[in-house]
Amino acid sequence: MIIGNGPAGVVAAETLRHADAQADITLIGDEPEPPYSRMAIPYLLMARID
Ligand SMILES: Cc1cc2nc3c(=O)[nH]c(=O)nc-3n(C[C@H](O)[C@H](O)[C@H](O)COP(=O)(O)OP(=O)(O)OC[C@H]3O[C@@H](n4cnc5c(N)ncnc54)[C@H](O)[C@@H]3O)c2cc1C
């Protein structure tokens, strides 16, 4: 179980999946959105991306 679905949590999940394709991985976050790129927020605010 990974607590926190920011970049560190997502990379941890990807690393575990890479190491074990059958691993049971649970990623827990406390934001309503699925994981997203923080560095893309300015581009979203400037309406360059959806
Ligand atoms: C606008 C912006 C632009 C950025 N651009 C860049 C860039 O260009 N290059 C770069 O290297 N970095 C950039 N950063 C910084 C980068 O986004 C952070 O360094 C990175 O998000 C840190 O990742 P993290 O997973 O450690 O923490 P976080 O991103 O803070 O993720 C932690 C997650 O855990 C969740 N959480 C916390 N406590 C709990 C709990 N008890 N239970 C469940 N969930 C919990 C939080 O809600 C959060 O979603 C940018 C940041 C912002 C805001």
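## Overall shape

The chain has a radius of gyration of 13 Å, whereas a compact globule of 50 residues would have one near 10 Å. This radius is taken over C-alpha atoms, and the globule rule is 2.2 Å times the number of residues to the power 0.38. Along the principal axes, the C-alpha atoms fill a box of roughly 40 × 20 × 15 Å.

The model is predicted: local features need pLDDT of at least 70, side-chain atom pairs count only at pLDDT 80 or more, and totals for chains, interfaces and linings use all residues. Residues are numbered from 1 along each chain as its sequence is written.

## Elements and burial

Two helices and two strands make up the pattern β-α-β-α along the sequence. Helices (H or I, at least four residues) and strands (E, at least two) are DSSP runs, numbered from the N terminus.

Buried residues account for 0% of the 50 residues. A residue is buried if 20 or more other C-beta atoms, placed from the backbone, lie within 10 Å of its own, exposed if 12 or fewer, and partly exposed in between.

## Ligand shell

The ligand is surrounded by 15 residues, the closest being G4, G6, A8, R38 and M39; a residue is near a molecule if its C-beta atom, placed from the backbone, lies within 6 Å of it. The elements giving two or more residues to this shell are α1 (7-19) and α2. α1 gives the most, with three residues.

## A47

A47 lies in the segment after α2 (41-45). A47 has a positive phi of about 60° although it is not a glycine. A47 counts as exposed because it has 7 C-beta neighbours inside 10 Å.
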